[in-house]
Amino acid sequence: MSFAIETKQLSKSYGPVQAVSELSLTVEPGQVFGFLGPNGAGKSTTIRMLMALQRASSGEARVLGLDPQRDDVELHRRVSYLPGDLELFARMTGRHHTDVFAQLKGGADAAFIKELAERFQVVMDRPARELSKGNRQKIGLVMAFMTKPELLILDEPTTGLDPLMQHEFERLLRETVRDGRTVFLSSHDLDEVQRVTDRIAIIKQGRMVAVGIVDDLAKTLPRQIEARFARPVSRTAFESLPGVKVTAMDGTRVALEITGDIAPVIRAIAAHEPVDVLSRHANLEELFLNTYRPSVAEEVK
């Protein structure tokens, strides 16, 4: 097995609606792979096909080398899936949920379940109907991680969690990949995705539009420079430079987008008594928004 997940031209349509179109991606073992897109982009449909919960219209998928449709029993034994619309049995406690899930999975280490429950401060002995969304989500996380699966597929796993629990979740992700296991993570929390993922894919209207390491993808966008000066400077000092766009100007502060050579910009800044300069590439949020910004052709329609 060379890939934890591999799809080739994977597609799913509902009548005339194309939910996923010719999706081809690979996920290496032992990494956190981020799968991004807004609601309706095709993320959940893709995940359901990987988990044999829906049949693809065309194309191929392999999960841990298994065919999701033909090998679904083996797949569900080796993979943990936390859905974005997690539902627990209202009258069952968290402990009852983990006991039943352990039986379905062929066993789990009771000491590790206890450790996870303590780390996430899970309320284990009250019926799920009495718990907040965040506490129900924490039970879902314990169930996902407790069998130490080869692959975890997590759809919006930190919904309802407070910042301390989100931090604990990120620690657990790092421990998981250090063990050589794999995480396929779909999330709207872009800051979290940027912190924990090794690679990402972004899909738009069912098609993959970007895939790679976040920093490498971000470098395809304009560099951002913000400078502060001892006294106000003229906008024309920067607008005349090739490949430079002035995005903000407020008294002694100027913000620039650079698509060309950075050296002329640095010389122009140095000529006007700068007191502070910050230069950076775009972050994941800016990359995501740029990917979804309508093209000129889309705006004309």
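Predicted model: local features only at pLDDT ≥ 70, side-chain atom pairs only at ≥ 80, totals over all residues.
**Cores**

The largest nonpolar core is made up of 30 residues, and those with the most contacts inside it are Phe 145, Leu 154, Phe 169, Leu 173 and Leu 185. At least two residues of this core come from each of helix 4 (110–119), helix 5 (133–145), strand 6 (151–155), helix 6 (163–178) and strand 7 (182–186), and helix 5 gives the largest share, with six residues. When its neighbours within four places in sequence are left aside, Phe 145 is in contact with Phe 112, Leu 116, Leu 152, Leu 154, Phe 169, Leu 172, Leu 173 and Thr 176. Another core, of 25 residues, lies apart from the largest one and includes Ala 4, Phe 33, Phe 35 and Val 63.

**Largest pocket**

The largest pocket has a volume of about 600 Å³, and among the 24 residues that line it, Tyr 81, Pro 83, Phe 101, Leu 104 and Met 143 are the closest to its centre. Helix 2 (72–78), strand 5 (79–82), helix 3 (94–104) and helix 5 each contribute at least two residues to this lining. The lining is divided by residue class in the table below.

| Class in the lining of the largest pocket | Residues |
|---|---|
| Nonpolar | 15 residues |
| Polar | five residues |

**Gly 243**

Gly 243 sits in the loop between helix 9 (236–239) and strand 11 (244–250), where the residue is partly exposed, with a relative accessible area of 34%. Although Gly 243 and Thr 259 are 16 residues apart along the chain, their C-alpha atoms are separated by 4.9 Å. Beyond its neighbours within four places in sequence, Gly 243 is in contact with Glu 257, Ile 258, Thr 259 and Gly 260.

**Helix 10**

In helix 10, which spans residues 263–270, Val 265, Ala 268 and Ile 269 are buried. Viewed down the helix axis, these buried residues fall within an arc of 100 degrees, and so they line one face of helix 10. An α-helix has 3.6 residues a turn, so residues three or four places apart point the same way. The face turned away from the buried side of helix 10 carries Arg 267 and Ala 270, which are exposed. The cover over the buried residues of helix 10 includes strand 10 (223–229), helix 9, strand 11, strand 12 (253–258) and strand 13 (274–280).

Terms used. Residues numbered from 1 in each chain as written. Heavy atoms only, no water. Core = buried A, V, L, I, M, F, W, Y, C linked by side-chain atoms within 4.5 Å. Buried < 20%, exposed > 50% of the residue type's maximum accessible area, 1.4 Å probe, protein only. Helix = DSSP H or I, 4+ residues; strand = E, 2+ residues; numbered from the N terminus. Contact = heavy atoms within 4.5 Å. 1 Å grid on protein atoms, 1.4 Å probe; cavity = no way out; pocket = protein on both sides within 12 Å on 5 of 7 lines; lining within 4 Å. Points joined across faces, edges and corners; volume = space filled by probe spheres on them. Nonpolar A, V, L, I, M, F, W, Y, C, P; charged D, E, K, R; others polar. Arc of directions from axis to C-beta.
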